[in-house]
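This report considers selected features of a two-chain model. The sequence and structure are shown below.

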Amino acid sequence: MSEPTNKTITIDGREIPFEEGQTIMDAALAADIYIPHLCHRPGLSPHGSCKLCTVEVNGRSASACTLPASSGQEISNNTDALNEVRKTITQMLFVEGNHFCPSCEKTGNCTLQAVAYHLDMLDGHFPQFYPRREVDASHPGIMLDRDRCILCELCVRASREVDGKDVFAITGRGTDARLIVNSESGKLVDTNITTDDLAAHICPVGAILIKEEGYEVPIGRRTFDLHMVGEPGLEPVILRKGQHSDEH
Amino acid sequence: MSEQMRRIAIDPVTRVEGHGKITLLMDAENRVHEARLHIVEFRGFEKFIQGRPYGEVPTFVQRLCGICPVSHHLAAAKAVDQLVGVDALTPTSLKLRQLLHFGQTLQSHALHFFHLSSPDLLFGFGSDVAQRNIVGVIEKHPELALKGVKLRKYGQQIIAAISGKRVHGSAAVPGGMNKSLSREERNVLLAGIADIKQWAQEAVALNEQVHMSHPENHSFGALNTHFLGMISPKGELEIYHGGLRARDPDGGTLFDQFDYRGYQEIIREEVRPWSYMKFPYFTALGKENGWYRVGPLARVNNCDVISTPLAEEARQRFRAFADGGFVQDTLAYHWARMIETLYCAESIELLLNDEDISGNDLVVTGEKRSEGIGVIEAPRGTLFHHYKIDEQGLIEKANLIVSTTSNNQAMNESVRSVANEYLDGNEITEGLLNHLEVAVRAYDPCLSCATHALGKMPLQVELIDADGAVVDCLTKGVNGSIERA
C-alpha cells in the first residue's frame, strides 16, 4: 500500500482521501461510503459490468468500480435520480432470471435481494423472461443453477485470480449470454473445483451453491436479516461465507 | 342431457380456502340428477418441482398453501429425510416438528371454525347474509370472536418461534431441524397456554351444544363412509407420525398400522374430466365403493384413545353421541375439529415443558436413497408427499395427494344429499345456495391451497332452462349484498 497522500475526492459533498491507484469505489469503501454494486469485490480485478455503481463524476456518468480516483472529482452518489436508475437495473436483473426469493435457499444471504431492498424495489416492473437454462448438479458438493446467474463474473475472476483454476467463463452475447464450465463435458464434476475454492462461495445470488447446507441458517439469523447491505465492514463477511461472524 | 334438464352453478364457493364451484343438474320436478363440486384451479407443483434439488423441496412446496404450509413443509421434510437415509430423528428435532405441527393444526382449525364456519352455526344457514360472516360474529359475539382470533394467533406464534415466520418460514432440514427453542421462547409461549386450553375447551362445549340441540344438523349432508387416518402404535390420535388405519362404516378394520411408504398398494387415484382434483379410492374396494373420508371426523372416529386427558374426555362424549359407533354426521366435522384443537393445546403444553425441545442435537445423517415418501395428518386430513430423485439429487418425479383430495367424493356426495333435501322449487334463494356451501365448508376444503379472498369474492348463480335461457339469476357483490338480475 502506498503512502497516504493529501489527495481527495468529494462524494455527495463529503471530502475523502484516496491513494494513488485506487478507484472511486476503493476510496468510498475505505471511507465507509456505500455505493451500490454487485459485480465488485475488493481483492478481485474490477469488472464494471453490473453498472449499479454508476455515479456522476463532474456531471458525467461513470462506473465507480473502474474509474480511478483523481484529485478534485466532484461525485454524486446517493441521489434520487441515480438510485432510480439503479433500481431499474436491479429490476432488469430480476426479470432476466428466475429469482424466486420465497423458495430460494439464498434468501437472506443474497446480495441481489439485499440491494433490491436497499433501493426500495417493490416489483419487477418488466415482463419476466422465465429462462430455462441447464441446472448442473453433477458435482458432489457444488450446484450450479444458471437461471439465477446475473453474469457478474465474480466466480470467473475468483477462480482465475484467487483459486488459480479458471473453472468458469461467460459465453454468448446479449440475452444468449450464459455461464459455462471449463471442462470437456461442460459439467462441474469434470473440473477441479472444490468446496474450499473462493469461486464456490463468492456468488452474490443463488447460482453457485454449496450443496446440503441451504436452509441450515434459520430465518432471522441470515446476513441481511441482521445487517443492511450498505453497512460498513460487510464486504469481507459476504466474501467469506455469506454468514456474519456474530451469527450463531 | 334431457330436454327438461337445467344446470345451476355456484361459482365460486365462498368461505373455503381456494376456488371451486358447485353445479347441479336438475329435471323438471327439481330432482337432482347430478351434483358436483368442481375444482377449477390448476397448480402444477408436481410438474414444476421436477429438476429442482431435493433440499429445496420442503421450502418450495409449502407455498402450496398459506393456511397449512407447515403440513406441506413437514410432509416433504419426512420424504427428504428418507432421501438422505434418515429413518429416525433426534428427540429434539422430532419434538420440535411435533410442536410445530400442533401449532399449525391449532391455528388452522381455529381459523376454520371461528372465521369461516361459526357464522353458519351461530346465525343459521339461511340467516341474513349481511350478518352471516366474521364481522357479524364480532358484532354479535365479540368475546367469542376475540378468543377465536387469539387461538389462531397463538398457533402462529408457535410457528414463528420455530420457523422464523408465521407463514412460510424455514425449519426442517434434511434429517432434522435448523434450530431449537430457547428457554426464553418457551417461557413466552407457556405464559399463554392456560388461556388457550380454556378457550379450546369452550369451543368444544359450544360445538357439542350446537350439534346436539339441532337434530336437523345430524342428517345434513350425512354419509356412511369409510375413514382413513394416521394412528400411533398404541391406537392414539396422531398427527405427525404413525401407521395408517382404515375402518369401514360398521367399525371393521380394512388395514391398521400400515407403513405409509406402501401407500400405492392400498390407494389409487381416478381422474375425472370435469375436475382438476383427483378421486382417490381404496384399491381393494374399487372406484365405486372405495372412497373414504379423512380429516378431523375420520381421525377422532378412527382412534381408540387420545393421549391428553381433556381431549380424551371430549372424544368419549363424541363417541357416546353415536352410542359408541362412528359419528357419521358431516357437520360433526366441526365438533371433531374442536376436539383436536383441544388435543393440540394440551400437547403444546406438554412439549413446551419438555427439556428436549431446547436440545442442541438437531441433525442425523445417513446413506442417500433415490425415493422418499412422507405422510402426515394435515389439519384437513392425510397428506402424502412422494419424491424420486436422479443420481444428481434432482427431483425426477413427484406425487402429492393433498388432504382435500381424499374428501373429494365425499364432498360431492354431501352436496348431492343437501341438494336433494333442501332444494325446493324453481326459485333459487340465497339461503339454499348457502346450504350447499355449508355442506362443503364442513370438510374445511383447501381447494387450491392458495387463494384467500375472504368476504370479497363475487358470486353469481344462474338458473338456466332447457333452452339455455336464464330463468333466474342472483348476484352477490363484494360487499355481501344480494341482487336479483
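Predicted model: local features only at pLDDT ≥ 70, side-chain atom pairs only at ≥ 80, totals over all residues.

Over all chains, the count comes to 35 salt bridges. Between chain A and chain B, the count is 3. A salt bridge between the chains joins the side chains of A:Asp145 and B:Arg52, with an N to O distance of 2.7 Å.

## The contact between the chains

Chain A contributes 19 residues to the contact, and chain B contributes 21 residues. Together the two chains bury about 1500 Å², of which 54% is on carbon and sulfur atoms. Polar contact links 6 residue pairs between chain A and chain B, counting pairs with both residues at pLDDT 80 or more.

On the side of chain A that touches chain B, the elements giving two or more residues are strand E6 (135-136) and strand E7 (142-145) of chain A. The residues of this side comprise 8 nonpolar, 2 polar and 9 charged.

## The sheet of chain A

Chain A holds an open sheet of 5 strands in the order E2-E1-E5-E3-E4, and the pairing is mixed. Strand E2 (14-17) and strand E4 (60-63) of chain A are the edge strands, each pairing on one side only. From one strand to the next, the twist averages 35 degrees. Helix H2 (residues 80-96) of chain A packs on this sheet and touches strand E3 (54-57) and strand E5 (74-76) of chain A. The direction of H2 makes about 150 degrees with that of E3(A).

Strands of a sheet pair through backbone hydrogen bonds, in either a parallel or an antiparallel sense. How many bridges join strand E1 (residues 8-11) of chain A to E2(A) in the antiparallel sense? The pairing of E1(A) with E2(A) extends over 4 bridges. Within it, A:Thr10 has A:Glu15 as its bridge partner in E2(A), and A:Ile9 has A:Ile16. The two strands form a hairpin with 2 residues between them, and A:Asp12 in the turn has a positive phi of about 50 degrees. E1(A) and E5(A), in turn, run parallel and are joined by 2 bridges. In that pairing, A:Thr10 stands opposite A:Glu74 in E5(A).

## The sheet of chain B

Chain B holds an open sheet of 3 strands in the order E12-E13-E14, with antiparallel pairing. Strand E12 (371-378) and strand E14 (395-401) of chain B each have a single partner strand, so one side of each has no neighbour in the sheet. Direction ignored, neighbouring strands of this sheet are turned by 10 degrees against each other on average.

Strand E13 (residues 381-389) of chain B pairs with E14(B) in the antiparallel sense over 6 bridges. B:Lys388 stands opposite B:Lys397 in E14(B). Helix H3 (residues 69-83) of chain B lies across E12 and E13 of chain B and runs at about 150 degrees to E12(B).

Note on methods
Residues numbered from 1 in each chain as written. Chains lettered and ligands numbered in written order. Heavy atoms only, no water. Contact = heavy atoms within 4.5 Å. Buried area = accessible area lost by both parts, 1.4 Å probe. Salt bridge = Lys/Arg side-chain N within 4 Å of Asp/Glu carboxyl O. Polar contact = N/O pair within 3.5 Å; in protein donor to acceptor, adjacent residues only side chain to side chain. Nonpolar A, V, L, I, M, F, W, Y, C, P; charged D, E, K, R; others polar. Pairing = 2+ DSSP bridges. Axes fitted to C-alpha atoms, helices over the stretch in contact; angles between N-to-C directions.
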